[in-house]
Amino acid sequence: MLAARTGTVGGKSADESLKLRKQSVLSLGSRDRALKSSAEGSKEGRARAGQPQQRARRLALLRELEMTWYLRVCELSHEYTIAYTTGMPHRNLGKSGLRVSCLGLGTWVTFGGQISDEVAEQLMTIAYESGVNLFDTAEVYAAGKAEVILGNILKKKGWRRSSLVITTKLYWGGKAETERGLSRKHIIEGLKASLQRLQLEYVDVVFANRPDNNTPME
């Protein structure tokens, strides 16, 4: 009764109580808007996260359509392709557009070292017939002998060069200061020497075997 007559509730005026109720309503409204905004943000985030996957699926579908068109023009079927007959999946190598098998065959330690030339040829034959098109070596492997063995096998087998992806690596080329590193001089001379050992006119990719502090990337 006293509170009603004096216009106070719990020691607070009616105006103050009304103000508190308004603040509570505003607080609830702000919380609802924040929750809604958070939900919308999460939805947009999920949509953005799914964009690369959608793009990859579209590109895969486009590639499939292109392959179907190409085979139809050439009067061939999917059963003719190496990927189909071997079941070997292929991927893009970076942004180069170069298609490489998911598995590759390297020559470190083995070629010119732990295995004979005959075993090396058997391994390469099994790999190639299984759909592997990526073969990697380096100028430093077995002091260049790995490149020699790889080149001899490629020449003997007579596989189409266009069906292969041959990669090598440069850095450790010799004992002289000018025979190692990533200087312009060694890249040119080292690659020429690698091509001679491989008996090839070109390689598809040349990797830097390691960074060279004397030759900054920039």
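Visitor: What volume does the second largest pocket have, and how should I read such a number?

Guide: The second largest pocket has a volume of about 200 Å³. As a general idea, rolling a probe the size of a water molecule over the atoms shows where empty space is left. Here a pocket is an open set of points on a 1 Å grid over the protein atoms alone, where a 1.4 Å probe fits and protein lies on both sides within 12 Å along at least five of seven lines, and its lining residues have an atom within 4 Å of a point. Grid points are joined across faces, edges and corners, and the volume is the space filled by probe spheres set on the points. This is a predicted model, in which local features need pLDDT of at least 70 and side-chain atom pairs count only at pLDDT 80 or more, while totals for chains, interfaces and linings use all residues. Residues are numbered from 1 along each chain as its sequence is written, and side-chain values use heavy atoms, with hydrogens and water left out.

Visitor: Which residues line the second largest pocket?

Guide: The lining consists of Ala-56, Leu-59, Ala-60, Leu-62, Arg-63, Glu-66, Asn-92 and Arg-99. Helix 2, which covers residues 14–73, gives the most to this lining, with six residues. Helices (H or I, at least four residues) and strands (E, at least two) are DSSP runs, numbered from the N terminus.

Visitor: How many helices and strands does the protein have, and in what order do the elements run?

Guide: The secondary structure comes to six helices and eight strands, and from the N terminus on the elements run α-β-β-α-α-β-β-β-α-β-α-β-α-β. Of the 218 residues in the protein, 25% are buried, where buried means under 20% relative accessible area, exposed over 50%, and partly exposed in between (1.4 Å probe, protein chains only).

Visitor: Is strand 7 mostly covered or mostly open?

Guide: In a regular strand the side chains alternate between the two faces of the sheet. Strand 7, residues 165–170, is mostly covered, since six of its six residues are buried. Val-165, Thr-167 and Lys-169 lie on one side of strand 7, Ile-166, Thr-168 and Leu-170 lie on the other, and both faces are covered.

Visitor: Which strands pair with strand 7, and how do they run?

Guide: Two strands pair if DSSP finds at least two bridges between them. Strand 6, residues 134–136, runs parallel to strand 7 and is joined to it by three bridges, with Asp-136 standing opposite Thr-167. The chain passes from strand 6 through helix 5, residues 145–157, to strand 7 in a right-handed β-α-β crossover, and right-handed means that, with the strands pointing away from the viewer, the path from the first strand over the helix to the second runs clockwise. Strand 8, residues 205–208, is also parallel to strand 7, and four bridges join the two. Within this pairing, Lys-169 faces Phe-207, and Thr-168 has Val-206 as its bridge partner. Strand 7, helix 6 (residues 184–198) and strand 8 make a right-handed β-α-β unit.

Visitor: Which residues does Gly-174 touch, and where is Gly-174 found?

Guide: A contact means heavy atoms within 4.5 Å. Gly-174 is found in the loop between strand 7 and helix 6, and, not counting residues up to four places away in sequence, it touches Glu-179 and Arg-180. Because its relative accessibility is 30%, Gly-174 counts as partly exposed. From Gly-174 to Gly-190, 16 residues apart in sequence, the distance is 9.4 Å from C-alpha to C-alpha.

Visitor: What does Leu-93 touch?

Guide: Leu-93, in the loop between strand 3 (90–92) and strand 4 (99–101), touches Leu-98, Val-100 and Val-205, not counting residues up to four places away in sequence. At 31% relative accessibility, Leu-93 counts as partly exposed.
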